[in-house]
Each structure stands twice: as structure tokens, then as C-alpha cells.
Amino acid sequence: MGRLVMPDCHGYPQLAELVRRCPGGDAVEVFDGPCTTPSQLAERMRGAHTVLHFFHGRPLDTGVLLAERPRQVVVAGPAGPVVDTDAARSAGIAVYDTPGLAADSVAEFTLTLLLMLARRVPSAVGSAPGWHPSGGRELSGRLLGIVGWGHIGSRTARLAQGIGMRVAAWSPSLDEDTARAAGVTPLPLDTLLRTADAVSLHLRSTPHNEQLIDARRLALLGPRTLLVNTARAALIDMAELRRRLAAGLLGGVALDVFDLEPLPADDLLRSHPDSLATPHMAWMTEDAVGRFLAAAVAFATSGDSAAGPIRQLV
């Protein structure tokens, strides 16, 4: 197997301890102290066959990666920007990740945000002095429009149905048989936006769907429609979203992803009574982190993919 090392344990509290708890985790040489310089990272990686890294940690220094040349990098979670895959490819370094294991966490968080919007929790617990309970809306019987039918979108639909919501969905990959089996109504995107009481976005960000929810489509949402985005900020024209929110043209927005992160303290999305902004935390449960790590450790130590999906990027 060769030396298996996790040189940097940033990205989640007690990450080193969670690695050690995984089956096979005792085979990982874990550095849980700070790793603040490229030279320190290089020292920890030197001679490693496999480097284990956490997807929400600091990006692996490309210069160090190319200098030390491990045989492979295994990312616990979706790799995203934490590894320069082009550089790894040029050096013959294999890169793997373990995507799709936070779907339950994100779906549950999505429903949490939707419930908070419907019951006007943001305005009730805001910074204004006094004690101001807010009248809200029940969601049972109302129509939730799901945009994007993957692991997270389908789980969100099931949870919403569990509290009595009707569900419609649009996705490039959604066919009528799949929709019918899930008990949802497939609709064209514009129709869904025009008719839903609440809309939740669950698409990956690609050049094809950048600002899919643009100014024209935002205008299709009614003045009482609730909009939730736990997917990617690039799906929405964020400038137009802020404008419509300020003008009172939306029932409420709940966002976990933003065009600027961290979101500036003076941003409208932080202060508006009909807005709920959370700091990109929908995926953050110990359960999801445990699944990411278990899949990555199992693959890194034995080549076993039974603990979770493994994707080879390079």
C-alpha cells in the first residue's frame, strides 16, 4: 500500500479524530497540527504513496504536489478546487474523490430553510429590539417546484411530500416515468416558476445553466413565492434577485450559496426581513463527513469502494 498520509486536517472540527474512527483509519498517518507553509506540507507529504485530503480544506499546494509526486490523491468529498487536476494529470498523479454523500444533509437543510421562510422566522429573530412574533404560512397542500432532479432534489421532494406538500419538478434529466414513480408532476421550467408556491434549486453549476434563473425567469415568480438555493449561486442572476427582494417582489429567499463568500456584512441578503442567509453549511453534518471519510479511507487503504462512490478524476 505504501505510506498513506493526511498532511492537513482543516475544513471540519475534529477532522483528525473522525479519520481515526473510520475502519482502516489507523493506517492513515494523520497530522492534526497546523500546516501553514509549503515547506511544512512538503515535509509531511514526502515519500507518500497516497495523500488523503478533505474537500472543504485548504487547496493542496500545486508546487508541492508536483515536487513530491505521490502516486495518488484521494479527496474525501467532491474534489472541486482543492486539487489542481490538470497539474496532477501532467505529473501522472491519479486523483479520486467521493461525491454525492451529503445528499440527505443538504435535503434536510433545504426543508429547514423552507419551513423557516414560510413561518417568517428571519423577521421574528432578527436584530430589531422587542418581541415581535410573525404570522406565517403552512406548507401542507402548497406546491413546491424542484429545479434539478438528482440525489438532493429527489430527496428534498420526498421530505416535502412527507409534510403534505405537492411537488412539481423540472430537470434536463427528468422523464415522465421517473416523475410518476416519485409522485411528482413534471413541468416546463417557466410553468413551474410561474405556478409554484415555493421553488428550490438543485442543479450543478455548468456553463450551460449559468444564470438559468435570470431576470426574465425571476419575474415569473409571484410576490409571495419562496425561493431556496442550496446548490450554486451561479444559477441565479444575483443582482436581479437583490433588486426584486428590495422592491418587495418576492415572498422570501433563503440562500446557502452566494456570489460573494463570505457574504459582506452590509449585504442586503443579511439584513432584509424576508431573507435568510446561511454560511454555505447545508452539507455540514458529522454524518455526511463520516461518510466522505469512510469512503475515502476504505478506498485509499484497500481499494474498496463498498463504503461509498469513488470517482476517478485523473
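In the predicted model, six strands make up an open sheet of mixed pairing, ordered S2-S1-S3-S4-S5-S13, where strands are DSSP runs of E of at least two residues and helices are runs of H or I of at least four, both numbered from the N terminus, and where two strands count as paired if DSSP finds at least two bridges between them. Strand S2 (29-30) and strand S13 (311-312) each have a single partner strand and stand at the edges, so one side of each is left without a neighbour in the sheet. Helix H13 (residues 286-302) packs on the sheet and touches S1, S3, strand S4 (72-76) and strand S5 (94-97), its direction making about 160 degrees with that of S4; contact here means heavy atoms within 4.5 Å, and axes are lines fitted to C-alpha atoms, for helices over the stretch in contact, with angles running from 0 to 180 degrees between N-to-C directions. Strand S1 (residues 4-6) pairs with strand S3 (residues 50-54) in the parallel sense over two bridges, and Leu4 has Thr50 as its bridge partner in S3.

The largest pocket is lined by 44 residues, with Pro78, Ile152, Arg204, Ala231 and Arg232 nearest its centre. Helix H5 (103-118) and helix H7 (151-162) are the elements that give two or more residues to this lining, and H7 gives the most, with three residues.

Residues are numbered from 1 along each chain as its sequence is written. Because the model is predicted, local features need pLDDT of at least 70 and side-chain atom pairs count only at pLDDT 80 or more, whereas totals for chains, interfaces and linings use all residues, and side-chain values use heavy atoms, with hydrogens and water left out.

Terms used. On a 1 Å grid over the protein atoms alone, a cavity is a set of points where a 1.4 Å probe fits but cannot get out, and a pocket is an open set with protein on both sides within 12 Å along at least five of seven lines; lining residues have an atom within 4 Å of a point.
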